[in-house]
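The following exercises are meant to be worked through with the coordinates open beside the text. Try each task before reading its solution.

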Amino acid sequence: MNVFVLTGAGISAESGLGTFRDPGGLWRRFDPMRLATPEAFAREPEEVHAFYNLRRHGVRQAEPNAAHAALVRLESGLAARGGRLFLCTQNVDDLHERAGARAVTHMHGELMRARCTACGESRPWAEELGLGTACPACGRRGGMRPDVVWFGEMPFHLEAIAEALDAADLFVAIGTSGAVYPAAGFVARARGAGIPTREVNLAPSDTAGLFDDARYGPATRAVPEAVD
Ligand code: BJW
């Protein structure tokens with residue numbers, strides 16, 4: 001059996017990382033909908049770097065939770081039966097990896113990586129790669145940005161994602177509001193291909209009506225229940 005799992009910020013909420021659209025402490029100072037854009041980086045790079053540095057700090061303090069761990073069990077259980085888990089996350093944190101997931105597709109990039117706007121070189125984030133520093137590959141100064149996907153930019157790995165979606169026997173969306181495309185459109189694509197669809201979330205998402213079944217509750221309870 002091939003299972004396609006799409007995760008969003010809700011799976012990391014109980015690890016202490018704020019979601020985007022739920023009211024929460026971190027976002028009182030920073031509005032992600034305003035800052036997660038190339039225009040914001042061009043206009044106010046200091047503010048954008050400060051936003052991402054705060055997020056990096058939060059991710060370093062956070063630990064994977066029972067929902068991340070349940071997906072690791074799903075991955076190994078499917079592999080043992082000749083199947084496959086395609087774990088596609090919109091999250092830029094590394095909690096799936098730290099829980100032990102072997103293969104994670106980060107469609108919106110990774111917080112702990114930096115990319116040069118001049119040459120495209122991507123490398124692990126280091127404090128010295130902040131504002132005003134030179135790209136270690138091409139030497140251009142001031143162009144290092146978080147290696148994430150902002151509004152108006154093309155998400156990563158879309159071809160591999162489409163292939164995996166079309167080959168899936170089950171589509172599961174976990175902890176995502178269904179507000180951001182193209183990820184919000186995956187359920188419709190799966191449904192169109194006749195693939196059963198399941199939502200696991202705290203509350204019905206914007207696309208809840210497109211799922212064949214749903215489990216509502218906090219991810220640390222609902223994901224292990226859905227998987228084990
Ligand atoms: C819990 C819980 C608990 C809480 N347990 N659950 C129509 C079609 C195509 C595109 C568009 C379109 N209309 C507009 C667009 C453009 C735009 C878009 O979607 N805009 C919308 C605002 C409408 N999209 C883009 O620009 C994308 N690029 C693009 O479209 O390129 C062209 C293209 C076209 C067609 C095909 C392919 C390409 C790029 C989008 C980039 C998004 N970037 C961000 C920031 C990343 C960097 C960073 O982290 O700073 O990605 S924005 C932000 O939203 C982040 C997230 O990954 C993403 C999704 O958020 P998510 O994960 O769903 O979080 P929340 O907070 O919204 O929801 C949390 C959920 O968890 C809630 O449901 C809670 O209930 C739940 N929850 N606690 C379980 N304990």
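**Exercise 1. Find the residue of β3 that is the bridge partner of Thr89, and then describe the sheet around this pair.**

Solution. The bridge partner of Thr89 in β3 is His106. Before going further, note that this is a predicted model, in which local features need pLDDT of at least 70 and side-chain atom pairs count only at pLDDT 80 or more, while totals for chains, interfaces and linings use all residues. Residues are numbered from 1 along each chain as its sequence is written.

Next, consider the strands themselves: β2 (residues 84–89) and β3 pair in the parallel sense over three bridges, where helices (H or I, at least four residues) and strands (E, at least two) are DSSP runs numbered from the N terminus, and two strands pair if DSSP finds at least two bridges between them. Helix α5 (residues 66–80) packs on the sheet and touches β1 (2–7) and β2, its direction making about 150° with that of β2; the axes are lines fitted to C-alpha atoms, for helices over the stretch in contact, with angles from 0 to 180 degrees between N-to-C directions, and contact requires C-beta atoms, placed from the backbone, to lie within 7 Å.

Finally, widen the view to the open sheet, whose six strands run in the order β3-β2-β1-β7-β8-β9 with parallel pairing. Because β3 (104–106) and β9 (213–216) are at the edges and have a single partner strand each, one side of each lacks a neighbour in the sheet. From one strand to the next, the twist averages 20°.

**Exercise 2. Determine in what order the strands of the three-stranded open sheet are arranged, and which helix packs on the sheet.**

Solution. The order is β5-β4-β6, and the pairing is antiparallel. Since β5 and β6 stand at the edges with a single partner strand each, one side of each is left without a neighbour in the sheet. Neighbouring strands are turned against each other by 45° on average, direction ignored.

The pairing of β4 with β6 is antiparallel and extends over five bridges, and Cys116 stands opposite Met144 in β6. The helix is α4 (residues 45–61), which touches β4 and β6 and whose direction makes about 140° with that of β4.

**Exercise 3. Locate the residues that UniProt lists for "binding site", and decide whether Cys119 and Cys138 are buried, partly exposed or exposed.**

Solution. The unreviewed UniProt entry lists Cys116, Cys119, Cys135 and Cys138; such annotations may be inferred rather than shown by experiment. These residues are spread over 23 residues of sequence, yet they cluster in space, with a largest C-alpha distance of 8.6 Å.

Take Cys119, which lies in the loop between β4 (109–116) and β5 (122–124). Cys119 counts as partly exposed because it has 13 C-beta neighbours inside 10 Å, given that a residue is buried with 20 or more other C-beta atoms within 10 Å of its own, exposed with 12 or fewer, and partly exposed in between. Apart from neighbours within four places in sequence, Cys119 is in contact with Cys135, Ala137 and Cys138.

Then take Cys138, in the loop between β5 and β6 (144–148). Cys138 counts as exposed because its C-beta neighbours inside 10 Å number 12.

Methods
Contact = placed C-beta atoms within 7 Å.
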